[in-house]
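I set out to record what can be looked up in this structure. The entries below follow the order in which I consulted it.

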Amino acid sequence: MSGARLHRPFSEPSPLLRWLAALVVVTYAIVSILPIVWIGMTAFKSQSDAIAYPPKLLFTPTLEGFVDLFTVQTRQPHDFIAKLPPPANWYEKLARSHDMVIVGRSRVVERFVNSIIIGFGSTILATLLGTLAAYGFSRFKVPLADDLMFFILSTRMMPPIAVAVPIYMMYRYLGLYDTRTGMILLYTAVNVSLAVWLLKGFIDEIPREYEEAALIDGYTRLQAFRKVVLPQAVTGIAATAIFCLIFSWNEYAFDLLLSSSEAQTMPPFIPFIIGEGGQNWPAVAAGTTLFLAPIFVFTIALRKHLLRGITFGAVRK
Amino acid sequence: MTGMDTTTTFADRASKRAPPRSARRVVGLSDRAVVWLFIAPTMLLLLAINIFPLIWAIRLSFTGFMANLPRPLGFVGIANYVDILTDEDLWTNFQVTAHFVFWTIALQVLIGLALALLINQKFRGHSFWTTVILLPMMLSPAVVGNFWTLLLQPQIGPFNYFIGFFTGAPASSFTMIGSVKLAPWTIVMVNTWMWTPYVMLICLAGLRSIPEFIYEAAEVDRASPWRQFWSITLPMVTPFLMLAVLFQAIQSFEMFDLVNLLTSGGPGSTTELVSITLKRAAFEKWETGYASALAVILFVTVFGAANIYVRVLNKVKQQ
Amino acid sequence: MLKSFSIAGIVTAGFVAAAPISAQAEGKTLTMCWAAWDPANALVELDKDFTKQTGIAMKYEFVPWTSYADHFINLLNSRSAECDLIIGDSQWIGGAAENKWYVKLNDFFDKNHISMESFLPATVVGYAEWPKNTPNYWGLPAMADAVGWTYRKDWFAKPDLRAEFKAKYKRELEPPKTWDELLEVSKFFSGKLIDGKKVYGSYIFTERGSEGITMGVTNAMYNYGFEYMDPKKPYHMDGFVNSPGAAKGMDVYKALFDCCQPPGLTNAYMQEGLDAFKSGEVAMQMNWYAFFPGLAKDPKVGGDKIGFFKNPAGPTGQFTQLGGQGLSVVAASKDIEDSLAYVKWFAQPAVQQKWTDLGGASASKAVLESDAYKKSAPYAPSFVDSMAMVKDFWAEPLYVPLLLDMQNRVHDYVVANKGTSQQALDALVKDWKRVFTQEGKDPS
């Protein structure tokens, strides 16, 4: 970790080879990002532009999709709309321009709030538990440590749908079905395995001598942990937290099966944003765009730690 | 900030001191207590939310219980397992899953490794483009999978036009999701799109871990670049690649969200992965006992295969 | 029996939780649960009268069709008091009755002189009775619906097409009366260039995930001899579900799919049909009558351009698939008394009439069989006819596994070309026997 030694291949690649490599990689990057670009474009299309035949590359941008996403509307005849009092604001005007009347707010905000509460709640809990356990495994002789670590890893191998059946029944019994608490606990349990593995790696790298010195100076173990280890592990904890957050943010299957309304998050909600004639694609795309935006930011913030996170720390950069 | 200060001072002192004693007497909680205090919550949570349900599922798998009918468990012995193991249709679903797992991994490894090798040429701007390539894998498979149904619509989706532009085939002359022949490849394609960056990233780490002196030695021996690739690069990257394969195999074997939203298992049952069958049995038909048995079989398969694989991996690593 | 996808006319963006509509006298509020679609809007409008008369406010929980069954069956099963009144799918009635999710309404009907005689017989069987054909009532028929067809009247009237058709088939180009004719007319239109656009013959249901393709294929199978069971021996299915006639019916449906379905519509249900028809892609469309008021008024294809016909006949009869729902009182409700008061109010003839006028679909004989109704809309005559020839899918407590088994078998054969229709139906009988055995019934 410490050394910033550059592994430069002995023979530098020729400029032509480099140029070719760049060409291929850039082409792949552009092609692979096209679907995401299309989502962003669709968010600003009108409904008819979104399902135009053939598909439209150039279009007049509109906020219809976003208005549809946040409101509930009904289609009304022209003469009915003409009789209504004039629209109070720009979005009402926009809706009425295509014969729709806004009758209320949609539930998208609740879903987004759920995503945030469940996502952050489980992340904080998983990181907290993970830090403690990782410290325990890193610094002490735990009986059967290897087996326990493997056990922790193996919980992540369970097919989510497979464990969902008994969890569903258990949650029903305990009254945790369709509650935020239930989802937070579940995501914490899934994330904690990653958190322990990652953080153990980070904490292993903090020299023991620091704590030893603190202990000799009369600190208790807990004080040493808090005042010496935690500050050193801050980067690792932050990286772990973002990984946990990305998992709970994106998770679909558990939330689909274990919630129906109170604890529903964005992923099971977005595919069912339905308009008049089927899926309202601009609204779906608008919801998707808003939902994906934070992940973009995190990805860029996380670049350096990505590898550890996705391999459970099994590969160290 | 005080934390940082104490750290440095301790660090300074630590460096001046004699080697730390490992056995010591400390104020406050004993180390033993601390260990348990720190590890127990995680273990308890995992026991409650992973192990307990698993044991419960094993128990249910021997019953004809249906969670939506108010009636007793009704033990049926191994009938559910017999049902599953003799069901030809389910066998088809396993084949579909195997096809999916095999091809997504093959393609991901091939493309991922190739991209990693190219990026490792360190052309200008390579780190920016690497980040761009990583994006698909960070997104929610369900949300993105749902959107792919629009992209793949033969008439209104851009995908067919994109292909048509390069091949000259009229856009509505083929349908990626609706055709029995193409649909199994469509799910492979979208999954590969999503997860190739993952394999690429791990390969990249593998490439960067190769000490440069090995290549220097090879240069001295006048080994051709081709030979260098086969005798140095590939063997050194293999353990990393195997790790990527392990994680991706588990992931694709358990795949539910992306495919369920993309094809919902159709046309016919051509893309019905086992986890989709399981979801239907468990949460739509409410055949809880049967579904539990299937879940146990899946879990044993994943867990068993992963264990064997990890052993092989360790052997490769040692070499 | 609509379960999946859809929504004509309303609700963008998911679940609707409308606030109580008006001032709450005595603070009383009832929650009504249904699907989020056009008729639900009409219901909100209708209920304003109820609130005015009784002072009881109404709250609504309207859920998209995709989550409708899952969501409410879950609530009912967990004895949730979230809904006081529910307009539940016809399929749920078996489970609702056997698990006592709904209040049994016999005594209430007797006391308030509400007679099931005043509703169409098929709707009483479909939306109220369990066990079927016994006078045990668990709901009041609320929303009558069935599968019907729309066609492009303007295309059928084009002189050149009519001449071409006559030359080819020796008869006039008219809406088909039999499935053979349907197939012929569909083939005739498929691939034609109309108004500069390539068109297809007919749109049919093919959705796999919930109930779509079953709700489509039964319209052919019923008319070729398919029966759910031996009329003389309950739950005996061999030779009825998989009779040669039933297999033939499935073949005809597949032939229609192979020749005349627009490309890409291999997993399509209500809204894809509406889209295909509205965009001028198809000459004929299978869909639920509930959408026809909207289509008849559609600015692009409505008015003079649209015509309607009932499901064509086959060699053994003429039936059509039943849709629609009944109104039931949830047993777990905290206010059963007021909920019953609502049912009583809703059953009044005047309210039933207004319900239809607003865009709902009353199942009351007085409303549907009046001359005024038949003249009220172009689809009305064929709707009345259709409601007299409906058949419904199983309404057993375990209807979901029965339905999903059929979905798989039919989709495998019709869309994915797997095996033969006979093999598909033989396999289906095997699947269904397993389900009935689980339910404790004897399917031998």
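**Entry 1. Confidence.** I note at the outset that this is a predicted model. I looked separately at residues 1-10 of chain A, where pLDDT stays under 50 and the model has eleven contacts beyond four places in sequence.

**Entry 2. Overall form of chain A.** I count 15 helices and four strands in chain A. The radius of gyration of chain A is 25 Å, well over the 20 Å that the globule rule gives for 317 residues, so I record the chain as more spread out than a compact globule. Along the principal axes, the C-alpha atoms of chain A fill a box of roughly 85 × 65 × 40 Å. I find that 54% of the 317 residues in chain A are buried. Of the contacts in chain A with a separation of 6 or more, 76% are between residues 24 or more positions apart.

**Entry 3. A helix pair in chain C.** I next examined helix α1 (residues 38-54) and helix α14 (residues 349-358) of chain C, whose axes come within 9 Å and cross at roughly 140°. That angle makes α1(C) oblique to α14(C). The crossing is right-handed. On the α1(C) side, the contact is made by Ala42(C), Glu45(C) and Leu46(C); on the α14(C) side, by Lys354(C), Trp355(C) and Leu358(C).

**Entry 4. Helix α7 of chain C.** Is this helix buried or in the open? I find one buried residue among the eleven of α7(C) (residues 159-169), so the helix lies largely in the open. Lys170(C) follows α7(C) and has a positive phi, near 60°.

**Entry 5. Backbone exceptions.** As background, most residues other than glycine have a negative phi, and most peptide bonds are trans. I located a cis peptide bond between Gly266(B) and Pro267(B), with omega about -5°. Pro267(B) sits in the loop between α11 (257-263) and α12 (274-283) of chain B. Another cis peptide bond joins Trp130(C) and Pro131(C), with omega about -10°. Pro131(C) lies in the loop between α5 (121-127) and β5 (140-143) of chain C. Asn133(C) is also found in the loop between α5 and β5 of chain C, and its phi is positive, about 60°. I count Asn133(C) as exposed because it has 10 C-beta neighbours inside 10 Å. His113(C), in the loop between α4 (106-111) and α5 of chain C, has a positive phi of about 55°. With 8 C-beta neighbours inside 10 Å, His113(C) counts as exposed.

Technical notes: Residues numbered from 1 in each chain as written. Chains lettered and ligands numbered in written order. Predicted model: local features only at pLDDT ≥ 70, side-chain atom pairs only at ≥ 80, totals over all residues. pLDDT = per-residue confidence, 0-100. Contact = placed C-beta atoms within 7 Å. Helix = DSSP H or I, 4+ residues; strand = E, 2+ residues; numbered from the N terminus. Rg over C-alpha atoms; globule rule 2.2 N^0.38 Å. Buried ≥ 20, exposed ≤ 12 C-beta atoms within 10 Å, placed from the backbone. Axes fitted to C-alpha atoms, helices over the stretch in contact; angles between N-to-C directions. Parallel < 35°, antiparallel > 145°, perpendicular 65-115°, else oblique. Left-handed = near helix turned anticlockwise from the far one by under 90°.
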